[in-house]
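Here's a quick tour of one protein model, with the cut-offs spelled out as we go. Have the viewer open and follow along.

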Amino acid sequence: MENLADIGLIGLAVMGQNLALNISDHGYRVAVFNRTTSKVTRFIENEAADTDIIGTLSVEEFVASIKRPRKIILMIQAGDAVDKSIAQLAPLLDEGDIIIDGGNSNFNDSIRRTNEVEARGLYFIGTGISGGEEGARYGPSIMPGGSTAAWESVKPILQAVAAKVPDGTPCCDWVGEGGAGHFVKMVHNGIEYGDMQLICEAYHLMSAVLGMDENEISAVFSEWNTGILESFLIEITGEILCCARFSMSPARKARASGRPSRRWKKARP
């Protein structure tokens, strides 16, 4: 097949679609496959219509459409689906080809998969990808780890599509062997969830203790977002609270403050 793809991607949910479009925008040709092949057709005819992305309708066609050493990103549900995809791909691949798991896999699974895939003469990279749908489309943070020998082959593509800090440094670099990539993503998620808990508690204190309304709380979060607390989570919290459509019912406010609501009357005996 002429005009082979530089990289392949399996899994065309929104994250997979957006990452494929991001890679294509940076000058790399992408081949895509999805177990439900109708998604491939819809993607090629719609979101990818003005690109040179290659849609394939079988695993065999998909593998044959990628340059060697093949680089294949799995954007699928973590767990058994990853193992099944590896088992399906491995017999079709050649020595030195690379499988990249871009889902939220357990780092222990990534350690195991690295060993199993390397035993087949292939390479495995377990990579955390952060930034959600918008990040996948325009620049995520990428945390790759696994088979160190595979890094130089995938580095140009992953660093090209990653988010950049103001000086142009990509938010992507090799973090270590085995399950290191998904371990770092786990820590990243833990910090993010901790931030979300702090935001919730700050909101609760301002609402229940200080009696502030949503507009006042929104102003506080917006002010915080101009200083050292500037972040996506602080930014969207301020935006959500100032939205004209956002209104808490009396019952919801009562639950938030711990006070009984007049909407709820004590049941009669």
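## Ground rules

Buried here means under 20% relative accessible area, exposed over 50%, and partly exposed in between, using a 1.4 Å probe and protein chains only. This is a predicted model, where local features need pLDDT of at least 70 and side-chain atom pairs count only at pLDDT 80 or more, while totals for chains, interfaces and linings use all residues. Residues are numbered from 1 along each chain as its sequence is written, and side-chain values use heavy atoms, with hydrogens and water left out.

## Asp101

Start with Asp101, which sits in strand β5 (residues 98–101). Helices (H or I, at least four residues) and strands (E, at least two) are DSSP runs, numbered from the N terminus. Asp101 counts as buried because its relative accessible area is 0%.

What lies 3.0 Å from a polar atom of the Asp101 side chain? That's the backbone nitrogen of Gly103. Such a polar contact is a pair of N or O atoms within 3.5 Å; within protein, one must be able to donate a hydrogen and the other to accept it, and residues adjacent in sequence count only if both atoms are side-chain atoms. Leaving out neighbours within four places in sequence, Asp101 has contacts (heavy atoms within 4.5 Å) that include Leu74, Arg113, Phe124 and His182.

## Helix α10

Over in helix α10 (residues 232–242), the residues Leu233, Ile234, Thr237, Gly238 and Leu241 are buried. They sit on the same side of α10 because they cover an arc of only 135° around the axis, the arc being that of the directions from the helix axis to the C-beta atoms. An α-helix has 3.6 residues a turn, so residues three or four places apart point the same way. The cover over the buried residues of α10 includes α8 (180–209) and α9 (214–224).

## Ala162

Is Ala162 buried or exposed? It's buried, because its relative accessibility is 4%. Ala162 belongs to the loop between α7 and β8 (176–177). Not counting residues up to four places away in sequence, Ala162 touches Gly139, Pro140, Ile142, Pro170, Cys171 and Cys172. Met143 is 19 residues away from Ala162 along the chain, and their C-alpha atoms are 9.9 Å apart.
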